[in-house]
Amino acid sequence: MATIVECRTALEKLSDKMRDADGDVRQAAAMDRSVSCHVTDLDVTFTGRMADGRIKVDDTLQGPPPQKAQIRLAMTGDDLVALVDGELNFAKAWGSGRVRLEAGLRDLFHLRKLL
């Protein structure tokens, strides 16, 4: 089972990948939105902001997200690490319910370029 530190490191790695992206991916990453990632098996939520092509994690909280972020992810820690490392296909994981992504329709349209 992935630890809180490993999950936070995975989010930092995802942020670095977004920063280094080109084309449509870079454009999608440039959105300015509040984000939360609930790691279900650890019952921890990372909250922060996606802006300027990066994800900045501001806080780590126990339990589910206290406020509704504009972009909300939920998954196990192992799935988060595997997703960022390229070992888990996002579309398949989302389709099977292993990964939950909630956002407005317009944001989902832009996020599909990232994922």
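Which side chain does a polar contact of 2.8 Å join to that of Asp-107? In this predicted model, the partner of Asp-107 is Arg-33, the two side chains being joined by a polar contact of 2.8 Å; such a contact is a pair of N or O atoms within 3.5 Å, where within protein one atom must be able to donate a hydrogen and the other to accept it, and residues adjacent in sequence count only if both atoms are side-chain atoms. The model is predicted, with local features requiring pLDDT of at least 70 and side-chain atom pairs counting only at pLDDT 80 or more, while totals for chains, interfaces and linings use all residues. Residues are numbered from 1 along each chain as its sequence is written, and side-chain values use heavy atoms, with hydrogens and water left out.

Asp-107 lies in helix H5, residues 105-114. Helices (H or I, at least four residues) and strands (E, at least two) are DSSP runs numbered from the N terminus. The relative accessible area of Asp-107 is 8%, so this residue is buried; buried means under 20%, exposed over 50%, and partly exposed in between, with a 1.4 Å probe and protein chains only. Neighbours within four places in sequence left aside, Asp-107 is in contact with Met-31, Arg-33, Gln-70 and Ile-71, contact meaning heavy atoms within 4.5 Å.

The protein chain as a whole contains five helices and five strands, which follow one another along the sequence in the pattern α-α-β-β-β-β-α-α-β-α. The radius of gyration is 13 Å, in agreement with the value near 13 Å for a compact globule of 115 residues; this quantity is taken over C-alpha atoms, and the globule rule is 2.2 Å times the number of residues to the power 0.38. Of the 115 residues, 39% are buried. Among contacts with a separation of 6 or more, 58% involve residues 24 or more positions apart.

Strand E1 (residues 33-39) is mostly covered, with six of its seven residues buried. This strand pairs with E2 (residues 44-51) in the antiparallel sense over seven bridges and with E4 (residues 71-75) in the parallel sense over five bridges. Two strands are taken to pair if DSSP finds at least two bridges between them. Ser-36 illustrates both pairings: the bridge partner of Ser-36 in E2 is Thr-47, and Arg-72 stands opposite Ser-36 in E4.

Asp-43, with a phi of about 50°, is placed in the loop between E1 and E2, a hairpin with four residues between the strands. Asp-43 is partly exposed, at a relative accessible area of 34%. Asp-52, with a phi of about 55°, is found in the loop between E2 and strand E3 (54-62). Asp-52 is exposed, at a relative accessible area of 73%.

The structure holds one aromatic pair. Phe-90 and Trp-94 form this pair, which is stacked, at 6.1 Å centre to centre and 20° between the planes. Rings of Phe, Tyr and Trp (its six-membered ring) pair if their centres lie within 6.5 Å, and planes under 30 degrees apart count as stacked, over 60 as edge-to-face and the rest as tilted. Because Phe-90 and Trp-94 are four residues apart in helix H4 (residues 90-96), about one helical turn separates them. Phe-90 counts as buried at 10% relative accessibility, whereas Trp-94 counts as partly exposed at 44%.
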